[in-house]
Amino acid sequence: MDSWTGHDVPTLPGTATPPRLYDSARRSVSASAPGSTATMYVCGITPYDATHLGHAATMITFDLVNRAWRDAGLDVNYVQNVTDIDDPLLERATRDGEDWIVLGMRETALFREDMEALRIIPPAHYVGAVESIPLITTHVQELISSGAAYMLDDGTGDVYYSIAAAPRFGYESNLSRDEMISLSRERGGDPDRAGKRDPLDPLLWRGARDGEPAWDGGDLGPGRPGWHIECTTIALDRLGETIDVQGGGNDLLYPHHECSAAHAETLTGRAPFASHYVHAGMIGLDGEKMSKSKGNLVFVSRLRGDGVDPMAVRLGLLSSHYRGDREWTDEVLKTGEERLARWRSAAAAPAGPSGEGLVAAVREALSDDLDSPAALAVVDAWAEAALSGAGDDDEAPALMARTVDALLGVRL
Ligand SMILES: Nc1ncnc2c1ncn2[C@@H]1O[C@H](COS(=O)(=O)NC(=O)[C@@H](N)CS)[C@@H](O)[C@H]1O
Ligand SMILES: [Zn+2]
């Protein structure tokens, strides 16, 4: 599947160190230490209701990781999926009386457009679940033959992964069994289904049902893939057996990322699947998580249609720390617009305080678990000074513009 169009990313004097990131498994911040090529898998959209500000905030979070790694002189192999087949997509298509394929394609196209407008560096591989089905069925069959998965004997053809195959299952989310059971029920799992060896066992393959799309599953019989295995297969295929960062919003921590990682570790025999399990907080609106089920969505395309500068949206989302659950409000947008205008006039100033000093301070903030509020404050202070005529570095304004572009993705 095509990704979206990229843009130039300026280089800056000197190089940064790879960012320190919070890992949900170890519940602590530690240095990311990729080899010469950093590998990152980020869970992309299920293509309907795209692109709301929650999607945007999470994609910006991992764009900061991408930019910080590039600033540290690393190549980045960034992979993102599109869940272009899954229950919620089929349900939405049925609700709207729409062909699910057309719905998925249209929403994915809109997502790509919004990603370009927000200046998110495109992934090297942008991969759909449907195109991955042949490899998914191979992985499911491997799990069955190793005894780590089983087909229910109720004639549905449904195949489940046995969490007993994952000795440390739960190490990523650090949740109690009860918490896992309730989250599994809440987020697409089926802990109460009869015939499963363990209520927490996740679905790998759903046998064909009347009225549902189905694909040839080889020895599995016709059906369609489960959710978690999709992300395991795409990551293993495009990134390798272990990766530096597995990313997404914190709504994916359990069951999705826990199960995806467990599937990978069983298939490869190597653990941990990811060195850092990185999760972005939820963007809310009026006190509720912005989510499709609640329908309380603010769309990037709507804001763009109303003439809002996407760079102001980006600055609004960067003004709070990525790991916090935070609210989108008119105030956040207004502050973003004011900050953008101020930075643009400061970048046009004849001189300002030391540009090198600014680069170092922004790097320092972002390397500390992507502390974008601190980075914005550093640039605010520099802009304040430059606009009041302080500082005599006449190359600083141009360097400031390059810095916020390269590290924050904000084009002035
Ligand atoms: N309110 C929100 N705030 C922040 N991130 C969100 C929010 N809602 C969804 N996301 C993130 O946006 C990405 C796409 O979300 S999604 O469309 O629901 N799709 C999925 O979660 C799956 N396709 C992942 S494989 C995911 O990383 C998800 O964690
Ligand atoms: Zn995923």
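In which helix is the place of Met180? In this predicted model, Met180 belongs to helix α5, which covers residues 177–186. The relative accessible area of Met180 is 6%. Met180 therefore counts as buried, the cut-off being under 20%. Leaving aside residues up to four places away in sequence, Met180 touches Phe169, Gly170, Leu175, Leu200 and Tyr254. Trp227 lies 47 residues from Met180 along the chain. The C-alpha atoms of Met180 and Trp227 are separated by 17 Å.

The zinc site was examined next. Three residues coordinate the zinc ion (ligand 2): Cys43 through SG, Cys231 through SG and His256 through NE2. The distances run from 2.0 to 2.2 Å. Around this zinc ion (ligand 2), the four donor atoms subtend angles of 102 to 120°. The arrangement is therefore tetrahedral. Along the chain, the donors of the zinc ion (ligand 2) follow the spacing C-x187-C-x24-H. Cys43 and His256 link distant parts of the chain, 213 residues apart. Cys43 sits in the loop between β3 and α1, whereas His256 belongs to helix α7. Both Cys43 and His256 are buried.

The loop between β3 and α1 also holds Asp49 and Thr51. Most residues other than glycine have a negative phi, and most peptide bonds are trans. Asp49 is not glycine, yet its phi is positive, near 55°. Asp49 has 13% relative accessibility and so counts as buried. A cis peptide bond joins Ala50 and Thr51, with omega about -15°. A cis bond also runs from Ala271 to Pro272, where omega is near -5°. Pro272 is placed in the loop between α7 (253–268) and β11 (274–280). A positive phi is found at Leu370 as well, near 55°. Leu370 lies in the loop between α11 and α12. With a relative accessible area of 0%, Leu370 is buried.

One has five strands in the order β5-β4-β3-β10-β11, with parallel pairing. Its edge strands are β5 (125–128) and β11, each of which pairs on one side only. From one strand to the next, the twist averages 20°. Strand β10 (residues 243–249) is joined to β11 by six bridges, and the two run parallel. Gly247 has Val278 in β11 as its bridge partner. Helix α7 packs on this sheet and touches β10 and β11. The direction of α7 makes about 155° with that of β10. Helix α6 (residues 227–239) lies across β3, β4 (75–82), β5 and β10. Helix α6 runs at about 150° to β4.

The other sheet has three strands in the order β13-β12-β14, and its pairing is mixed. Strands β13 (288–289) and β14 (326–327) stand at the edges. Each has a single partner strand, so one side of each is left without a neighbour in the sheet. Two bridges join β12 (residues 283–285) to β14, and these strands run parallel. Ile283 stands opposite Arg326 in β14.

Helix α13 spans residues 396–408 and has 13 residues. From its first C-alpha to its last, α13 reaches 17 Å, close to the 18 Å expected at 1.5 Å a residue. Helix α13 is mostly covered, with ten of its 13 residues buried. The buried residues are Ala396, Pro397, Leu399, Met400, Thr403, Val404, Asp405, Ala406, Leu407 and Leu408. What do the buried residues of α13 pack against? Their partners are α1 (53–71), α9 (310–318), α10 (330–347), α11 (355–367) and α12 (372–387). Gly409 follows α13 and has a positive phi, near 75°.

Notes
Residues are numbered from 1 along each chain as its sequence is written. Chains are lettered from A and ligands numbered from 1 in the order in which they are written. This is a predicted model: local features need pLDDT of at least 70, side-chain atom pairs count only at pLDDT 80 or more; totals for chains, interfaces and linings use all residues. Side-chain values use heavy atoms; hydrogens and water are left out. Helices (H or I, at least four residues) and strands (E, at least two) are DSSP runs, numbered from the N terminus. The expected span of a helix is 1.5 Å times one less than its number of residues. Buried means under 20% relative accessible area, exposed over 50%, partly exposed in between (1.4 Å probe, protein chains only). Contact means heavy atoms within 4.5 Å. Donors are N, O and S atoms within 2.8 Å of the metal (3.2 Å for Na, K and Ca); water is not among the atoms, so sites may look incomplete. Four donors count as tetrahedral if all angles lie between 85 and 135 degrees; four count as square planar and six as octahedral if opposite donors are over 155 degrees apart and all others between 65 and 115; anything else is irregular. Two strands pair if DSSP finds at least two bridges between them. Axes are lines fitted to C-alpha atoms, for helices over the stretch in contact, and angles run from 0 to 180 degrees between N-to-C directions.
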